[in-house]
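Here's a quick tour for anyone meeting this structure for the first time. Take a look at the sequence and the model, then read on.

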Amino acid sequence: MILTMLAVFLVHVLLGLPLFIALITTAIAGFLFVDPSMIPRMMPQQFFSGINVFSLMAIPLFIFAGNLMNVSGLTERLMGLARLMVGHLRGGMGHVNVVSSIFFAGINGSAVADTSALGSLLVPAMEKEGYSRAFAAGLTAGSSLIGPIIPPSIFMILYASLTNISVGDLFLAGVVPGLLLGVAFMGMNAWYAWRKKLPKSGKLPSFGQLGVAFIGALPALIAPFIIVAGIVFGFVTPTESGALTALYVALCGFVLGGLRVQECWKAVVDTARLTSAIFLIMAASATISWLLSYAQVPAQFVSLLAPYVDNGVIILLLLSLITFFTGMFMEEVSALMLLTPIFVPVAMMAGIDPVHLGVIITLNITIALITPPLGACVFVAAAVSRLEIVSLFRTIWPFVLTAVAVLILLILFPPLTLWLPTQFG
């Protein structure tokens, strides 16, 4: 059954059909093996129940907040602060790229949106500073991986909805790994700048200049604290936090004069377009997940890995390997929806903390955004930098390996992930 479903899915993807249609057809193929009479009874029910989760309403709200950031000019304020903070260093624009991704990650939670918003501005600026266009595009795609790790995170909200884990704990657990990714990519950029002997650009800013830039970016910098503090301290649910953040960003945009009705409507349309695509994929994936559970595939997977459950590190490495290769050939939301119900029982047997597992799975799924052949962030980076996609795929692997190195570090040292949630009880 599994091989047939996989074959059906790959054929539809290779034919270029929309992903949710490929997933629905795959589900139908699976039901034909299990019980064809369940198709009219169970498929509509599972399709709807897969998205009938209140916490998932946070996803369009956080996407909307990020879109409002872009059209209101708040993103440029964050980039201006990043430029003053690290732009004077050797390879300054590369560092600005990474720091801007860290700032932007605190509002949007989408790697693709990060790549699109920052790439069109920073790739040409990096090229003027002496970077090759391929490295600039690769660094833009690589640093965008920080977006789904630092809260808020669309992938973490999905994982929490599938496992009944606290979204607040997951958000806190993503802070240190996200910053580690930023440090890793800044180290990679510093090595490139030293090897290419790139000149230092700009002067060390004065405290006055930093103060002015900080005050200008402060409205945007407050948003992540609203999100995390509200959820962690129990003031709001993730969905309410998303609504509050979107309202706050909209008010900041109108008050500061960068947001007008036309831009607000554009943000609404872009949010609706992206949300509809995500929710269709989620609904179809939920149908397949239920079918796999009904066919006891998770139990079979548990028995397959049973000899290794005494070693949590080996289990996490095996699950990461499976997730990595699955993400290379499957859209990330559907991969997360399909793999999480299968992986969680194995992790529980191995004594792995579900919050730690959530960060590991999220990072694995996120890395897939820059891996060939379906890495969405690479396609976006290639488009904004006007590079051939094949050329960028050839040069993206150092960035993939850098992210994998951070992943392995998190697997070997769980306190890097769990320390912050533990401090907040």
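Let's begin with lysine 266, which is partly exposed at a relative accessible area of 46%. (Buried means under 20% relative accessible area, exposed means over 50%, and partly exposed is in between, using a 1.4 Å probe and protein chains only.) Before going further, note that this is a predicted model: local features need pLDDT of at least 70, side-chain atom pairs count only at pLDDT 80 or more, and totals for chains, interfaces and linings use all residues. Residues are numbered from 1 along each chain as its sequence is written, and side-chain values use heavy atoms, with hydrogens and water left out.

**Charged pairs**

Side chains of opposite charge can pair when their charged atoms come close. A salt bridge here is a side-chain nitrogen of Lys or Arg within 4 Å of a carboxyl oxygen of Asp or Glu. Searching the whole structure turns up four salt bridges, including these:

| Pair | N to O distance |
|---|---|
| Aspartate 270 and lysine 266 | 3.0 Å |
| Aspartate 270 and arginine 273 | 3.2 Å |
| Glutamate 127 and arginine 133 | 3.2 Å |

How many residues apart are aspartate 270 and lysine 266 in helix α13? They sit four residues apart, about one turn of the helix, which covers residues 261-294. (Helices are DSSP runs of H or I with at least four residues, strands are runs of E with at least two, and both are numbered from the N terminus.) Arginine 273 is three residues from aspartate 270 in α13, so about one helical turn separates this pair too.

Aspartate 270 is partly exposed at 24%, while arginine 273 counts as exposed at 54% relative accessibility. In the other pair, glutamate 127 is partly exposed at 32%, and arginine 133 is partly exposed at 25%.

**A helix with a buried face**

Helix α21 spans residues 415-423, and its Thr417, Leu418, Leu420 and Pro421 are buried. Those buried residues line one face of the helix, because they fall within an arc of 155 degrees seen down the axis of α21. (The arc is that of the directions from the helix axis to the C-beta atoms.) Over on the other side of α21, Pro415 and Thr422 are exposed. So what covers the buried residues of α21? The cover includes α10 (167-195), α17 (354-367) and α20 (397-412).

**A kinked helix**

Helix α16 runs over residues 332-349, and its 18 residues reach 25 Å from first C-alpha to last, close to the 26 Å expected. (That expected span is 1.5 Å times one less than the number of residues.) There's a kink of about 40 degrees at threonine 340, shortly before proline 341. (The bend at a residue is the angle between axes fitted to the seven residues ending there and the seven starting there.) Because 14 of its 18 residues are buried, α16 is largely enclosed by the rest of the structure. Just after α16, glycine 351 takes a positive phi of about 75 degrees.

**A buried asparagine**

Finally, have a look at asparagine 97, in helix α6 (residues 92-105). Is asparagine 97 buried or exposed? Asparagine 97 counts as buried, at 0% relative accessibility. Leaving aside neighbours within four places in sequence, asparagine 97 is in contact (heavy atoms within 4.5 Å) with residues including Leu118, Leu122, Met126 and Ala136.
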